[in-house]
Amino acid sequence: MFLCIGLLCLLSTTILTAQKTTPASTPAPPTLKKPNVKTYWGSTVTGTLELSAAAAAQLFSQPLRIIDDKNIGYLISSYQFAYKRIGITEDEVTGKISPQSEIVANRFYNAVLPLVWQNNIKETLQKGEELYFFDIVVISSAGFRFYAPELKINIL
């Protein structure tokens, strides 16, 4: 009995003498301001543009670049590129030919499109097709990621 009372007293004093800890204050995250950037492909600027097939074909060897208003370039983490191409389809029953479009897209991690994509698109580029850079993820010098404006080119 004395053992139980002694043990109870020992446990209760241990609980009573425990120190309260205050959580360490975490520093406030730095305020982020997205820089005013533009997307360039060659000399082509952000937005929606119309180019001839010949002018657009010359851009394929050029890198995609993100530049702010102070002429500082940013590292591209990744982007998506979509190519809407125009083809034809033939109705098997009637033999009637009609135009058809399809979209080919992929995510890329290099500022220049792969040679396979460059060559395949340049060979068949024609009026009515579209080239579209979107979801462009950029890394600032401080290591923060943000989206750059998209670029869409309609072929005349």
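**Exercise 1.** Which residue takes a positive phi in the hairpin of β7 and β8, and how many residues lie between the strands?

*Solution.* Keep in mind that we're working with a predicted model. Start with the strands: β7 pairs with β8 (residues 145-148) in the antiparallel sense, over four bridges. For one spot in that pairing, look at V138, which stands opposite F146 in β8. Now step into the hairpin: five residues sit between the strands, and G143 is the one with a positive phi, near 90°.

**Exercise 2.** Find where N71 and D135 sit, and work out whether each is buried, partly exposed or exposed.

*Solution.* Take N71 to begin with. It's in the loop between β4 (64-68) and β5 (73-90). Its phi is positive, about 65°, even though N71 isn't a glycine. Exposed means over 50% relative accessible area, so N71, at 62%, is exposed.

Next comes D135, in strand β7 (residues 130-139). D135 isn't a glycine either, and its phi is positive too, near 50°. With a relative accessible area of 33%, D135 counts as partly exposed.

**Exercise 3.** Describe the largest pocket: what is its volume, and which residues line it?

*Solution.* Volume comes to about 200 Å³.

Key: Residues are numbered from 1 along each chain as its sequence is written. This is a predicted model: local features need pLDDT of at least 70, side-chain atom pairs count only at pLDDT 80 or more; totals for chains, interfaces and linings use all residues. Side-chain values use heavy atoms; hydrogens and water are left out. On a 1 Å grid over the protein atoms alone, a cavity is a set of points where a 1.4 Å probe fits but cannot get out, and a pocket is an open set with protein on both sides within 12 Å along at least five of seven lines; lining residues have an atom within 4 Å of a point. Grid points are joined across faces, edges and corners, and a volume is the space filled by probe spheres set on the points. Helices (H or I, at least four residues) and strands (E, at least two) are DSSP runs, numbered from the N terminus. Buried means under 20% relative accessible area, exposed over 50%, partly exposed in between (1.4 Å probe, protein chains only). Two strands pair if DSSP finds at least two bridges between them.
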